[in-house]
Amino acid sequence: MNKSLLLLPMLLAIAVPAQATRGLTCRTAGARPLEVSLVIGHTAITSVVSASLRDNGRRVPVSVAQSWLEPSELRLDLADPNAMRREARLLAKKNGRFYDGSISRGGRTRWVRCREA
């Protein structure tokens, strides 16, 4: 009995939840589409781990400047790799299985839909 009482705290200490990730892909409609691919980490705080941006099929190097992800809302600021200027701002609200909202880049704001990838 004493051995099992000593072993129980050790087993509980190593029984931690797995750190999982998932992804979202956000796309605009129409000519010259913008596409943002997000990797989302699920740890103590759910956050955007990394992002990539494509403008009309061309890759634009970006880094995540700020992100806010809740079950009902997604906010994301993407900056250039040196964090000297903002490349895009994404604001979207949960709409069923998707996030619908807007993305601003280069002085232009467009509708965007994000779905699990």
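Notes on the source. I am working with a predicted model, where local features need pLDDT of at least 70, side-chain atom pairs count only at pLDDT 80 or more, and totals for chains, interfaces and linings use all residues. Residues are numbered from 1 along each chain as its sequence is written, and side-chain values use heavy atoms, with hydrogens and water left out.

Whole chain. I found one helix and nine strands (DSSP runs numbered from the N terminus: helices are H or I with at least four residues, strands are E with at least two). From the N terminus on, the order is α-β-β-β-β-β-β-β-β-β. Of the 117 residues, 31% count as buried (under 20% relative accessible area, 1.4 Å probe, protein chains only).

Cys26. I located Cys26 in strand E1, residues 20–27. Cys26 counts as buried because its relative accessible area is 1%. Leaving aside neighbours within four places in sequence, its contacts (heavy atoms within 4.5 Å) include Leu34, Leu74, Val112 and Cys114. I also checked Phe98: it is 72 residues from Cys26 in sequence, and 9.5 Å in space, C-alpha to C-alpha.

Asp80. I found Asp80 in the loop between strand E6 (73–79) and strand E7 (86–95). Asp80 has 6% relative accessibility, so it counts as buried. Not counting residues up to four places away in sequence, Asp80 touches Pro61, Ser63, Arg85 and Glu87.

Note on methods: Buried < 20%, exposed > 50% of the residue type's maximum accessible area, 1.4 Å probe, protein only.
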